[in-house]
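Welcome, and thank you for taking a look at this one with us. Please have the sequence and the 3D view at hand as you read.

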Amino acid sequence: MPHYHALPVRSILEAPLALVHAEAHVGFDDPASAVLTDLRIASSVVVPVEEPLEDARRLMQHAGVRMAFVFDAAGGVIGLVTAADLQGERALQAATRRGVEYGELSVADVMTAVADWAVVDAAALPRARVGDIVATFRATAQRYLIVAEPGAKGEPVIRGLFSANRVERALGHAIEEELRSNTFSALAQALA
């Protein structure tokens with residue numbers, strides 16, 4: 001077994017101290033990788049498809065995330081669910097449609113299935129800029145863009161994701177006006 005050594009430590013005698021900013025500010029011309037959540041580095045939260053909404057909400061809240069991947073009994077990712085899905089109009093619509101109480105709903109009732117995702121090919125990332133990601137959010141009216149790459153057998157593997165919230169924080173302003181109006185339009189059409 002190798003011999004390990006304690007790292008040198010020292011006291012900091014001057015105060016106050018500054019914290020490193022967790023979210024760097026970016027501009028439209030910065031590399032898209034600056035706002036990518038790379039799942040090779042960051043972990044993701046997953047919930048089973050049959051998970052009750054309240055349990056999923058608590059898990060996501062405890063983990064400090066606003067989105068979780070949904071997996072089936074075989075362990076494959078079949079969708080994603082957001083905090084807004086769990087507590088917003090989507091849950092209300094599902095309860096009304098099924099004629100049940102909120103407590104009887106599961107993640108399956110409100111998740112966004114894989115087939116409805118906006119997926120970006122990881123091969124496009126080296127030349128992509130933050131402005132390209134913003135344009136993609138606007139074009140797709142999605143709050144999450146999933147980044148996929150081919151796996152060992154050629155199957156698509158989730159490499160990472162872009163979150164509209166993270167991009168907005170990094171830019172210092174909202175990109176969601178178009179997203180919100182498109183979502184409201186979809187809601188109005190669903191209710192009509």
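Leaving out its neighbours within four places in sequence, T112 is in contact with I78, G79, L80, D85, R90 and W117, where contact means heavy atoms within 4.5 Å. This is a predicted model, in which local features need pLDDT of at least 70 and side-chain atom pairs count only at pLDDT 80 or more, while totals for chains, interfaces and linings use all residues. Residues are numbered from 1 along each chain as its sequence is written, and side-chain values use heavy atoms, with hydrogens and water left out.

T112 belongs to strand β5 (residues 112–113); strands (E, at least two residues) and helices (H or I, at least four) are DSSP runs, numbered from the N terminus. The T112 side chain also makes a polar contact with the side chain of R90, at 2.8 Å. Such a contact is a pair of N or O atoms within 3.5 Å; within protein, one must be able to donate a hydrogen and the other to accept it, and residues adjacent in sequence count only if both atoms are side-chain atoms.

Let us turn to the sheet. Four strands form an open sheet in the order β1-β8-β7-β6, with mixed pairing; two strands pair if DSSP finds at least two bridges between them. At the edges are β1 (37–38) and β6, each of which pairs on one side only. Strands β7 (residues 144–150) and β8 (residues 156–163) are antiparallel partners over seven bridges, and L145 stands opposite F162 in β8.

V120 sits in β6 (residues 118–121). Not counting residues up to four places away in sequence, V120 touches L125, L145, I146, V147 and A148. V120 and V147 are 27 residues apart in sequence, yet their C-alpha atoms are 4.8 Å apart.

Both V120 and T112 are buried (under 20% relative accessible area; exposed is over 50%, partly exposed in between; 1.4 Å probe, protein chains only).

| Residue | Relative accessible area |
|---|---|
| V120 | 15% |
| T112 | 13% |

How many of the eight residues of α5 are buried? Six are, in a helix that spans residues 164–171; among them are V167 and L171. S163 caps the N-terminal end of α5, with a side-chain oxygen 3.3 Å from the backbone nitrogen of N165. Just after α5, G172 adopts a positive phi of about 85 degrees.
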